[in-house]
Amino acid sequence: MNVLMTGVGGQGIILASDMLSEVMMRSGYDVKKSEIHGMAQRGGSVMSHVRFAGHVDSPLIPYGCCDILLSFEELEAARYLKYLKKDATVIINQYRLAPPAVVSGSRAYPDVIPFLREKTRNIHLVPGSAIAEEMDNARGVNIILLGVLSTLMDPPESAWYDAINSMLKEKIRAANIEGFKRGRQIQIQ
Amino acid sequence: MKKILSGNEAIARGAFEAGVSFVSAYPGTPSTEILQTVADEYPEIHAEWTPNEKVALEVAAGASYAGARCMAVMKHVGVNVAADPLMTLPYTLIRGGIVLVSADDPELFSSQNEQDNRHYARFAKIPMLEPSTSQEAKDFMIEAVRISEEFGTPVLLRTTTRISHSMGVVELGDKKGGRTPSLERHPAEWVMLPANARVRHPVIEERIRSMKAYSDASPLNVIEMGSPKLGIISSGVAYQYAKEAFPDASFLKVGLSYPLPEKLIRKFAAQVEELWVVEELDPFMEEQVKALGIDCHGKDRLPLCGELNPDIIQSAITGAAPDDGAQPDLPPRPPSMCPGCPHRGMLWALKRNKCFIAGDIGCYTLGFLPPLSAIDTCLCMGAGINHAHGMATVFGPGKEKIAAVIGDSTFYHSGITGLLNLAYNKGAALIVILDNSTTAMTGSQDHPGTGITVRGERTVNLDLENLVRALGIEWVRTVDPYDVKQARKDVKEALAFEGPSVIISKAPCVLLKSRKVPGRALTVDADVCTGCKVCIGLGCPAIEFRDEKAHINETCVGCGVCADLCAPGAIGGEK
């Protein structure tokens with residue numbers, strides 16, 4: 001299984017992909033994950049590859065092999081189309097963050113859904129950021145989206161809570177478990 | 001016990017298991033997390049951020065001379081800074097094992113070049129190991145310490161971004177003892193004046209020659225026979241990509257990649273029909289394979305630039321174009337300085353004074369991007385001050401407004417000597433030290449100016465203004481970059497001063513807890529906004545321009561720089 005997470009630096013993508021990796025390793029899979037830190041993270045496009053199977057070689061997903069794309073931002077969902085498998089599951093957080101050319105007014109924010117439709121009919125828009133705002137925890141969007149993603153994965157719900165409990169500091173656990181549950185309630189089958 | 005670790009975390013774990021007791025580093029992507037992990041996870045190991053990589057390698061050498069196992073960690077360009085000790089260290093007697101970790105950055109995700117540091121192994125005549133997974137990162141670290149002590153040589157452990165920052169499952173082991181330090185004297189092997197070094201040179205030549213047989217026998221270099229039709233010699237993450245692309249091919253997987261296992265290469269080449277060397281960046285192994293008189297493919301079809309992936313390798317070997325489909329033309333999203341970044345106001349003040357701005361390595365380099373477009377050069381750590389001095393000297397007094405900007409961590413790394421030179425040689429440039437009290441770009445590491453060690457302990461407080469004065473600079477002023485109008489006046493005054501001047505632009509990085517911004521978004525009164533775009537010129541990601549008006553989005557942290565510049569007074573709210 002190949003999962004690609006995309007979005008903008010600062011949205012908590014690395015922690016979300018860390019948790020997915022942890023859960024899959026505890027479920028007995030070989031796991032590899034790859035992403036970029038450093039300068040690229042300063043408000044730039046971010047992409048995290050997570051691969052799990054009996055055995056994994058390359059930490060990067062080959063083109064055309066991504067089963068699930070989880071995008072934390074709308075435009076970023078269409079930046080890496082070459083990785084998508086035909087009819088891959090695409091989950092997009094309904095959140096638009098203007099890139100510099102849109103900020104300055106020289107370009108419009110594009111509608112990316114038509115581009116994605118050429119690859120897959122399996123596209124789901126989810127209100128992760130709206131839920132995070134409702135919960136008064138803007139930084140919690142990553143755990144909400146992980147909750148959405150978890151419904152497509154084999155491990156039982158408890159495996160995710162085990163990972164959250166082992167990876168997060170105690171004072172933020174309750175809020176993250178709450179966010180995860182809210183995400184898990186979203187049906188995208 | 002199994003754990004999922006990044007390559008960097010695995011190297012730190014390997015150092016622990018190998019009994020390393022001393023680790024030094026300067027932060028640099030993609031190497032930074034190695035020392036951070038040592039500091040956070042392994043309290044029994046001494047860990048220190050050094051001001052630069054030369055210091056990191058030299059203190060590690062001292063630890064080795066005292067008998068301790070040690071590791072010095074840096075990014076690829078950091079090894080250039082440490083190249084002076086690196087070239088002579090192999091001449092000297094190694095007591096405790098010493099491993100130099102070089103984390104290279106093919107694709108330049110966060111670097112100014114994509115040099116291939118495998119050449120350093122050959123250049124310094126030291127063995128090199130290249131892990132291809134997190135598990136190997138840990139295991140090879142342990143092996144590197146062992147080789148270092150067995151052969152009495154520094155060892156280069158070379159990773160790339162996709163090894164350092166990829167995560168994989170690692171089987172943890174136990175710590176295998178350590179070494180007790182003791183004072184010894186070995187003047188003939190430690191005092192590298194010509195008479196002694198001349199005697200030591202043949203020692204390293206013989207050592208690296210004898211290691212060829214070791215490389216042939218090493219379990220790190222293995223033949224994995226599959227179909228004899230295609231044989232691939234590969235190392236590092238490129239091996240994993242090639243394995244993904246050609247699971248049925250035969251492989252010579254090279255883990256000890258200098259000196260290369262020549263007999264094993266000959267044996268492998270004789271067993272396969274078509275031979276390829278698959279490696280990122282330079283044809284480091286390929287040229288050595290060809291020097292053995294063995295014909296092979298490699299950089300005739302594989303790119304010299306950028307990182308590889310399974311698809312690039314597949315299309316190079318099969319000759320078929322990669323199936324990457326059509327990609328829509330989307331607005332790019334390059335990295336940018338954060339909303340509320342204190343660098344923005346100072347760069348604006350310099351730009352409004354029409355300065356040529358020599359830049360340096362740090363977040364402020366992103367001030368190069370339009371619309372701010374405020375950085376005119378960026379070469380390497382510490383170069384900006386020297387660029388400015390060279391240019392200002394050529395133009396002569398009062399002709400051009402030449403300034404340089406340099407971050408606090410970069411200043412301590414290699415800016416001090418440049419400023420010393422500027423004062424000594426009667427320069428006249430304006431140097432702005434952008435002091436945000438951290439090493440921001442690599443993820444907020446402490447440094448000698450913060451008064452805090454890597455483990456969060458208090459240490460000496462360095463007085464930057466006094467340091468600058470001690471170097472011979474008379475005109476020094478500490479300025480608040482959020483007060484942009486005053487900053488602009490200060491820059492003007494500094495430029496008017498006959499002789500060198502230094503502005504310390506002091507405000508904590510907006511990502512630090514000690515930041516001086518309120519954290520609440522400002523708002524634009526659309527009735528008052530005239531659409532003049534002065535605020536847009538700051539290049540702040542929080543200010544959008546739509547329908548001929550400025551709008552402030554929720555990423556604003558209320559630094560107020562735009563409000564100060566808004567002539568009609570349309571921007572308000574928190575300040």
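**Exercise 1. A strand pair in chain B**

Find the residue of β11(B) that stands opposite G231(B).

*Solution.* The residue opposite G231(B) is S250(B). Strand β10 (residues 227–235) and strand β11 (residues 249–254) of chain B pair in the parallel sense, over 6 bridges. Pairing requires at least two DSSP bridges between two strands. The elements are DSSP runs numbered from the N terminus: helices are H or I with at least four residues, strands are E with at least two.

Before going on, note that this is a predicted model: local features need pLDDT of at least 70 and side-chain atom pairs count only at pLDDT 80 or more, while totals for chains, interfaces and linings use all residues. Residues are numbered from 1 along each chain as its sequence is written, with chains lettered from A and ligands numbered from 1 in the order in which they are written.

**Exercise 2. The sheet and its helices**

In what order do the 4 strands of the open sheet in chain B lie, and which are the edge strands?

*Solution.* Step one: the order is β9-β11-β10-β13, with mixed pairing. Step two: β9 (221–224) and β13 (274–278) of chain B are the edges, since each pairs on one side only. Step three: from one strand to the next, the twist averages 15°.

Helix α12 (residues 262–271) of chain B lies across β9, β10, β11 and β13 of chain B, running at about 150° to β10(B). Such angles run from 0 to 180 degrees between N-to-C directions, and axes are lines fitted to C-alpha atoms, for helices over the stretch in contact.

**Exercise 3. A helix with cover**

Which residues of α14(B) are buried, and what covers them?

*Solution.* Start with the count: 7 of the 9 residues of α14(B) are buried, so this helix is largely enclosed by the rest of the structure. Buried means 20 or more other C-beta atoms within 10 Å of a residue's own (12 or fewer is exposed, in between is partly exposed; C-beta atoms are placed from the backbone). The buried residues are P310(B), D311(B), I312(B), I313(B), Q314(B), A316(B) and I317(B). Their cover includes α11 and β13 of chain B. After α14(B) comes G319(B), with a positive phi near 85°.

**Exercise 4. Where the chains meet**

How many residues does each chain give to the contact between chains A and B?

*Solution.* Chain B gives 47 residues and chain A gives 44; contact means C-beta atoms, placed from the backbone, within 7 Å. On the chain B side, the elements giving two or more residues are β1 (2–6), α8 (161–164), β8 (166–171), α11 (236–245), α14 (310–318) and β20 (543–546). The largest share, 5 residues, belongs to α11(B). By class, this side has 25 nonpolar, 12 polar and 10 charged residues. Here Ala, Val, Leu, Ile, Met, Phe, Trp, Tyr, Cys and Pro count as nonpolar, Asp, Glu, Lys and Arg as charged, and the others, Gly among them, as polar.

Now look at the strands: β2 (residues 30–35) of chain A and β8(B) pair in the antiparallel sense over 3 bridges. K33(A) has M167(B) as its bridge partner there.

**Exercise 5. Two helix pairs**

How do α5(A) and α7(A) pack, and how do α16(B) and α17(B) cross?

*Solution.* Take chain A to begin with. Helix α5 (residues 141–150) and helix α7 (residues 170–184) pack at about 45°, with axes 6 Å apart. That makes α5(A) oblique to α7(A): under 35 degrees counts as roughly parallel, over 145 as roughly antiparallel, 65 to 115 as roughly perpendicular and the rest as oblique. The crossing is right-handed, meaning that the near helix is turned clockwise from the far one by less than a right angle (anticlockwise is left-handed).

In chain B, the axes of helix α16 (residues 383–395) and helix α17 (residues 408–424) come within 8 Å and cross at roughly 20°. The two are therefore roughly parallel to each other, and their crossing is left-handed. I385(B), N386(B) and H389(B) of α16(B) meet G415(B), G418(B), L419(B), N421(B) and L422(B) of α17(B). These residues divide into 3 nonpolar, 5 polar and no charged.

Key. Two residues are in contact if their C-beta atoms, placed from the backbone, lie within 7 Å.
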